[in-house]
Each structure stands twice: as structure tokens, then as C-alpha cells.
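Q: I'm new to this one. Can you walk me through it?

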Amino acid sequence: MRAGTGAPPRVQVALPMHLQVLARAAPVVTVVVDDQATGPVTARRLLDALESVHPELRGTIRDRRSGARRAYMRYFAGGEDLSHEDPDAPLPAGVQAGGEPFRIVGAIAGG
């Protein structure tokens, strides 16, 4: 919960086009992060909440078994690449407050 508000955190998530189509979702979706847990919003908690609302995304952003980020998926927030950060690290304050989106980007490979 957000300190002092009593309401669960509502976080914006920006999805790449292929995930928008798969989830039949808008480019930016608002996700209510588990209000039963305490502490800051983390990538793990946010993605768990996203996948509970859009179960068709399970296994597309993270591996179904390990929960590890898929190799060609990247996470950005606050102008920073968070892809290699600990998934249990707090997200930037702007993301946690719902004012800035957590961006999921599908990386492109090739030569």
C-alpha cells in the first residue's frame, strides 16, 4: 500500500505492440499491485499483477518456471534500463506513484 493513502498502488505499464495485441490491451495499462503485500512496488510484484489481469501474457515477458526476464524483453523506467536489476528492487518513485510508466520493450536482434 502507498504510505498514507490506504489504497493499493496503481502503476502504469507501457506494452510493446505485440503484447498489446496478445492481451487485447491498450498501449498503456494501469495495474493494481497486490495490496496484501507490504513494501515498495518491485518489478516482480508489478509483473505478477500484470499477468494476473492479463494471463495470456504469462510466459511472454518472463519464463513461466523461473520467473526470469526473457532474453529479448527489456524494462525501462525513469530513463533507466532496469532489465538487469534485481526484480525485487524497488521501482523508481515516479513509477510507484503511478505518474510514470514502467516500460516493457521487445528488443530486436539481427545483423
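A: Here is a quick tour by question and answer; the model is a predicted one.

Q: Start with the core. How many residues does the largest nonpolar core have?
A: The largest nonpolar core has 25 residues. Those with the most contacts inside it are Val13, Leu46, Leu50, Phe102 and Ile104.

Q: Which element gives the most to this core?
A: Helix H2 does, with five residues. Among the elements that each supply at least two are strand S1 (10–14), helix H1 (17–23) and strand S5 (102–106).

Q: And leucine 50, what is it in contact with?
A: Leaving aside neighbours within four places in sequence, leucine 50 contacts Val13, Leu15, Val29, Val31, Leu57, Ile61 and Ile104.

Q: New topic. What volume does the largest pocket have?
A: About 260 Å³. It is lined by 18 residues, and the closest to its centre are Ala43, Tyr75, Glu85, Asp86 and Pro87.

Q: Where does the largest share of that lining come from?
A: From helix H2 (residues 43–53), which gives three residues.

Q: What's the lining like by class?
A: Ten residues are nonpolar, three are polar and five are charged.

Q: Now phenylalanine 76. Where does it lie?
A: Phenylalanine 76 is in strand S3 (residues 73–77).

Q: What does phenylalanine 76 touch?
A: Not counting residues up to four places away in sequence, phenylalanine 76 touches Asp81, Leu82, Pro101, Phe102, Arg103 and Val105.

Q: How far apart are phenylalanine 76 and proline 101?
A: They are 25 residues apart in sequence and 8.6 Å apart in space, C-alpha to C-alpha.

Methods:
Residues are numbered from 1 along each chain as its sequence is written. This is a predicted model: local features need pLDDT of at least 70, side-chain atom pairs count only at pLDDT 80 or more; totals for chains, interfaces and linings use all residues. Side-chain values use heavy atoms; hydrogens and water are left out. On a 1 Å grid over the protein atoms alone, a cavity is a set of points where a 1.4 Å probe fits but cannot get out, and a pocket is an open set with protein on both sides within 12 Å along at least five of seven lines; lining residues have an atom within 4 Å of a point. Grid points are joined across faces, edges and corners, and a volume is the space filled by probe spheres set on the points. Helices (H or I, at least four residues) and strands (E, at least two) are DSSP runs, numbered from the N terminus. Ala, Val, Leu, Ile, Met, Phe, Trp, Tyr, Cys and Pro count as nonpolar, Asp, Glu, Lys and Arg as charged, and the others, Gly among them, as polar. Contact means heavy atoms within 4.5 Å. A nonpolar core is a set of buried Ala, Val, Leu, Ile, Met, Phe, Trp, Tyr and Cys residues joined through side-chain atoms within 4.5 Å. Buried means under 20% relative accessible area, exposed over 50%, partly exposed in between (1.4 Å probe, protein chains only).
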